[in-house]
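Subject: Structure for your review

Dear colleague,

Please find below the structure that I am handing over to you. After it, I set out what was found.

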Amino acid sequence: MESWGEKRFHGRQIFAALHRRGVKSVGEMMDLTLKLRERLADFEPLDSLFPVQELKGEDGTIKILFRLRDGEHIESVWIPKGDHATLCISTQAGCPLDCTFCATGKIAFKRNLSVAEIVDQVIYFRRLKSDLLLRNLVFMGMGEPLLNYDNLVRSIRTLYAADGSAISQRRMTVSTAGIVPKIEQLRDEGLKIKLAVSLNAPTDELRDRIMPINKKYPLNVLFKALDEFCLKSGDRITFEYTLMPGLNDTDEMIHALRKWLIKMPCKLNLIPLNPLDRRRRKQTDWDGIFDRFYEVFAKDKITLTLRRSRGAEIRAACGQLAGKTL
Ligand code: SAH
């Protein structure tokens, strides 16, 4: 606004209109002068996301497929629980990482999302669900957040701004497959967000096979960076561990996992594997698997949880976002 020769506070008014009130057009910015609204009119339309399909799960989970201005697609998932909700958002269209068990890895990587495209996912759902408090924001949708680092950090700063969405940083979680140099950069960023790491395998041999990024940043390198991150943030890291029966849940694997985790304060979140192929849905005793992990970790200061899968019937659960209509 200053560079336009306008008053500085108009900048804050516009920010609040867009980010707190979520207005859809300049015409709704009634606290601005008509002259300024006319000058701003050139910037319309404001939307960067166009909903293509909205799917609602039995438990209230909502998955929306958005088309972006250039025709690419992304998905976001709204997960209500009682009087509040968690929103899971995407940071890239597609994903370059190629993890074998994840649907997003199966589609081609298209591009990084802009700050507007990341932030608009939040604004869209706040408009849609204005009756429910958006409490937690997780960067666990499509893509690898730390490979879109600059836009991720700018989005976080925008989303916690007091005159915007005002989401507490402590309630934002960035999930990464383990991009070590970016974990180091994030450590020094001065943010207070939570870090989650998709571990999924406790040996390099297995992790190399299912998460090729491990060949670039093997476990000892990853854990060194995480140690330093913990020291600086004073916070616990959450490890996500997608349960792949027979592969990463054997006694040997559980003990190998414990060796890594007991060195640092952390949480371990076990995630039932969601099959990529709808037909291969077989009954697995996830609680039984959880109990086997629990036996090994019971005496440690590690919080163990089993993530209840939400929205699998609309392919909105972990690892199921493929950016296409059902
Ligand atoms: N690229 C980031 C953000 C995506 S988070 C990351 O890897 O952390 C998506 C989460 O879903 C990851 O923890 C991943 O391990 C998990 N996931 C992927 N495919 C899955 C599947 N088929 N079933 C259950 N969880 C899966």
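A salt bridge is a side-chain nitrogen of Lys or Arg within 4 Å of a carboxyl oxygen of Asp or Glu. Please keep in mind that this is a predicted model.

**Salt bridges**

By the rule above, the count comes to 21 salt bridges. In general, side chains of opposite charge can pair when their charged atoms come close.

Arg 292 belongs to helix 11 (residues 286–297), while Asp 249 sits in the loop between strand 10 and helix 10 (251–261); the pair links distant parts of the chain, 43 residues apart. Arg 292 has a relative accessibility of 30% and counts as partly exposed, whereas Asp 249, at 4%, counts as buried.

Asp 59 and Arg 310 form another salt bridge, at 2.6 Å from N to O. Asp 59 lies in the loop between strand 1 (49–56) and strand 2 (62–68) and Arg 310 in the segment after strand 12 (302–306), so this pair ties together parts that are 251 residues apart in sequence. Is each partner buried or exposed, or in between? Asp 59 is partly exposed, with 31% relative accessibility, and Arg 310 is buried, with a relative accessible area of 15%.

In a further salt bridge, Asp 235 pairs with Lys 194, and their closest N and O atoms are 3.5 Å apart. Because Asp 235 is in the loop between helix 9 (219–233) and strand 10 (237–243) and Lys 194 is in strand 9 (residues 194–198), the pair ties together parts that are 41 residues apart in sequence. Here Asp 235 counts as buried at 16% relative accessibility, while Lys 194 is partly exposed, with a relative accessible area of 23%.

**Helix 6 and helix 9**

How do the axes of helix 6 and helix 9 cross? The axes of helix 6 (residues 180–187) and helix 9 come within 9 Å and cross at roughly 10°. Angles under 35 degrees count as roughly parallel, and helix 6 and helix 9 are therefore roughly parallel to each other.

On the side of helix 6, the residues that meet helix 9 are Val 180, Ile 183, Glu 184, Leu 186 and Arg 187. Their counterparts in helix 9 include Val 221, Leu 222, Ala 225, Leu 226 and Phe 229. The residues of this contact divide into 8 nonpolar, no polar and 4 charged.

**The nonpolar core**

In soluble globular proteins, nonpolar side chains tend to be buried together. The largest nonpolar core in this model holds 89 residues. Among those that touch the most other members are Phe 139, Leu 226, Phe 239 and Leu 261.

Leu 226 also has a part in the contact of helix 9 with helix 6. Leaving aside neighbours within four places in sequence, Leu 226 is in contact with Ile 183, Leu 195, Val 197, Ile 237, Phe 239 and Met 264. There is also a second, separate core of 8 residues, which includes Ile 14, Val 23, Leu 36 and Leu 40.

**A residue in strand 10**

Finally, Thr 242 has its place in strand 10. Thr 242 counts as buried, at 12% relative accessibility. Apart from neighbours within four places in sequence, Thr 242 is in contact with Asn 200, Asn 248, Ile 271 and Leu 273.

Key:
Residues are numbered from 1 along each chain as its sequence is written. This is a predicted model: local features need pLDDT of at least 70, side-chain atom pairs count only at pLDDT 80 or more; totals for chains, interfaces and linings use all residues. Side-chain values use heavy atoms; hydrogens and water are left out. A nonpolar core is a set of buried Ala, Val, Leu, Ile, Met, Phe, Trp, Tyr and Cys residues joined through side-chain atoms within 4.5 Å. Buried means under 20% relative accessible area, exposed over 50%, partly exposed in between (1.4 Å probe, protein chains only). Contact means heavy atoms within 4.5 Å. Helices (H or I, at least four residues) and strands (E, at least two) are DSSP runs, numbered from the N terminus. Axes are lines fitted to C-alpha atoms, for helices over the stretch in contact, and angles run from 0 to 180 degrees between N-to-C directions. Angles under 35 degrees count as roughly parallel, over 145 as roughly antiparallel, 65 to 115 as roughly perpendicular and the rest as oblique. Ala, Val, Leu, Ile, Met, Phe, Trp, Tyr, Cys and Pro count as nonpolar, Asp, Glu, Lys and Arg as charged, and the others, Gly among them, as polar.
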